[in-house]
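Here is a friendly walk through one structure. Please take a look at it first, and then read on.

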Amino acid sequence: MRTYQNKKKDIVEHAMTTRRLKLYFWETVWHYFFTLLFLMIVVIFFFVRNPNPARHEENKTIAIVCLSLSVLTFIVQYRRLRFKTVDISSLSRAKAIKTIKQVAEELDWNLYAMDKEFMVALLPPASFNWGKRITILLLGDTLYVNCICDPNGIKPGIIGNTGRHENHLISAIKRKDR
């Protein structure tokens with residue numbers, strides 16, 4: 001498995017061009033687990049359980065609900081891959097890094113990978129939190145922040161307030177920027 005430092009170049013290049021977090025194959029499968037699960041339910045009900053097309057009418061409601069949930073979870077998970085950005089042109093890089101470390105300490109993040117432009121923090125699983133991965137990029141005069149349920153975690157996640165971590169860091173950076 002590639003480490004975050006090995007992935008850094010790919011993640012940074014992808015973020016610069018798309019403003020989205022790059023996930024690798026198994027991370028993508030895990031990130032979109034519930035989307036795939038709802039699609040599999042449709043396949044099972046339509047083609048495995050009742051291969052006879054005449055009986056598909058019975059399963060139409062289940063299929064519509066599952067397809068709707070699949071589309072909804074896809075949209076939610078797809079949007080969560082977007083980086084939030086903040087202009088940090090009036091803030092020194094050292095001050096930005098210091099602020100990031102302070103926020104990490106406040107929110108109990110474990111800084112996993114860190115250098116002058118790339119940071120990954122993990123928030124371990126807790127009661128209603130299945131673990132989060134916070135990716136922070138300091139590129140030029142812009143801070144990129146993304147928080148998703150940890151795609152390398154033990155449970156797939158769609159539930160969780162990932163935006164709280166992003167917003168907390170962004171507001172701390174903006175306070176220091178004044």
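Phe47 is found in helix 3, residues 33-48 (helices are DSSP runs of H or I with at least four residues, numbered from the N terminus). This is a predicted model, in which local features need pLDDT of at least 70, side-chain atom pairs count only at pLDDT 80 or more, and totals for chains, interfaces and linings use all residues. Residues are numbered from 1 along each chain as its sequence is written, and side-chain values use heavy atoms, leaving out hydrogens and water.

The table sets out two residues; buried means under 20% relative accessible area, exposed over 50%, with a 1.4 Å probe and protein chains only.

| Residue | Relative accessible area | State |
|---|---|---|
| Phe47 | 57% | exposed |
| Thr99 | 2% | buried |

Which residues of helix 3 are buried? They are Thr35, Phe38, Val42 and Phe46. These four lie on the same side of helix 3, because they cover an arc of only 75 degrees around the axis (the arc is that of the directions from the helix axis to the C-beta atoms). On the other side of helix 3, Phe47 and Val48 are exposed. Helix 4 (60-80) is included in what covers the buried residues.

Thr99 belongs to helix 5, residues 93-106. Beyond its neighbours within four places in sequence, Thr99 is in contact with Ala172, Ile173 and Lys176 (contact means heavy atoms within 4.5 Å). A polar atom of the Thr99 side chain also lies 2.8 Å from the backbone oxygen of Lys95.

How values were computed
Helices (H or I, at least four residues) and strands (E, at least two) are DSSP runs, numbered from the N terminus. A polar contact is a pair of N or O atoms within 3.5 Å; within protein, one must be able to donate a hydrogen and the other to accept it, and residues adjacent in sequence count only if both atoms are side-chain atoms.
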